Amino acid sequence: MSSQALQSLLDLLDLEQIERDIFRGRSRFAVVPRVFGGQVAAQALIAAGRTVPADRFAHSLHAYFLVAGDPGAPIVYDVDRIRDGRSFTTRRVVAVQHGRPIFHLSASFQAYEEGLDHQTAMPEVPDPETLPTFEEMMPRYADAYASPEMLERMVTTRAAVDLRYVNPPPWGSVGEPREPRSQVWFRTAGKLDGSLDDPLMHVCLATYVSDMSLLDSVLLAHGRGGWAAGDVVGASLDHAMWFHRPFRADEWLLYDQESPSASGGRGLGQARIYTRDGRLAISVIQEGVVRVPR
């Protein structure tokens, strides 16, 4: 592992166990002044996974973001052991901060078994090595941000992940509505090894990244630059993921995202995540608040 930023992220996901089914996690500032939703979801999944037998792997999660998290305070994760069946294990996690729930997650784990197998084909896209890194790309769009500090924060908060946009991001075409589809290659900024190289950590890192850009396609449809550009305000409302096939978060994954609908101050994003060799690894759906400032 070569990235100091990645080590910092892995430390963030290393929860402290304070009781049998109670864990405590630290927080850090995101692009906007609240806890990044992907962090809370990943930490909650870590908490759930630590109460599950090692031979059972996460296959789905369903979550609701209830209240904006305070990045200056720890988060307590209370795990409820809902079900331990012969094939499936179910956990419910409530994240608590300042004495009230801020996030709720249900996760299901399954013992490996053989079954029917088919999938949607991966779209044709350029190889990730032919695309600029996030850090290389961002200065091109400096004028789209409310301040230089906001641009720097965007780069810093994504330093643990190598993100490469196939097409210009929303803030690269403000005022120009486009097809509501966004494609991003991603992998961690370094390899996982030793005790960190386990299926749960790879799933949790993908969960963390999945909240970074899923609503981009909503913004593209309306020519909006996004939260950091200041032409919309919003937040994640709920998030669901299905983990279909094994993958590694430290190897290239294609995040193929689109938005089928936006209405009522909300926008819906849905996506598929493929391994570089074309296997469909994950399906994702998220709805978020997307409002135009008055």
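1. Helices α1 and α5 are roughly perpendicular to each other, because their angle falls in the band of 65 to 115 degrees used for that term. Helix α1 covers residues 4-13 and packs against α5 at an angle of about 105°, the two axes being 12 Å apart. Axes here are lines fitted to C-alpha atoms, for helices over the stretch in contact, and angles run from 0 to 180 degrees between N-to-C directions. Helices are DSSP runs of H or I with at least four residues, strands are runs of E with at least two, and both are numbered from the N terminus.

2. The model under review is predicted, with local features requiring pLDDT of at least 70 and side-chain atom pairs counting only at pLDDT 80 or more, while totals for chains, interfaces and linings use all residues. Residues are numbered from 1 along each chain as its sequence is written, and side-chain values use heavy atoms, with hydrogens and water left out.

3. In the packing of α1 on α5, Leu 9, Leu 10 and Leu 13 of α1 meet Met 201, Leu 205 and Tyr 208 of α5, contact meaning heavy atoms within 4.5 Å. By class this contact has six nonpolar, no polar and no charged residues; Ala, Val, Leu, Ile, Met, Phe, Trp, Tyr, Cys and Pro count as nonpolar, Asp, Glu, Lys and Arg as charged, and the others, Gly among them, as polar.

4. Helix α2 (residues 37-49) packs against α5 (residues 199-213) at an angle of about 160°, with axes 7 Å apart, which makes α2 roughly antiparallel to α5 (an angle over 145 degrees). The crossing of these two helices is right-handed, a term for the near helix being turned clockwise from the far one by less than a right angle. On the α2 side the contact is made by Gly 37, Gly 38, Gln 39, Ala 41, Ala 42, Leu 45, Ile 46 and Gly 49, and on the α5 side by Leu 200, Met 201, Val 203, Cys 204, Thr 207, Tyr 208 and Asp 211. By class, the contact of α2 with α5 has nine nonpolar, five polar and one charged residues.

5. Of the 13 residues of α2, 13 are buried, so the helix is largely enclosed by the rest of the structure; buried means under 20% relative accessible area and exposed over 50%, with partly exposed in between, for a 1.4 Å probe and protein chains only. Gln 43, placed in α2, is buried at a relative accessible area of 0%. Leaving aside neighbours within four places in sequence, Gln 43 is in contact with Leu 12, Leu 13, Leu 15, Gly 25, Arg 26, Ile 75 and Tyr 77.

6. Beyond four places in sequence, Pro 123 is in contact with Arg 181, Gln 183, Leu 254, Asp 256 and Tyr 274, and Pro 177 touches Leu 220, Ala 221, His 222 and Gly 223. The C-alpha atoms of Pro 177 and Leu 220, 43 residues apart in sequence, are 5.7 Å apart in space.

7. A backbone point concerns His 98, which has a positive phi of about 55° although it is not a glycine. Most residues other than glycine have a negative phi. His 98 is found in the loop between β5 (88-97) and β6, and is exposed with a relative accessible area of 61%.

Methods. Angles under 35 degrees count as roughly parallel, over 145 as roughly antiparallel, 65 to 115 as roughly perpendicular and the rest as oblique.
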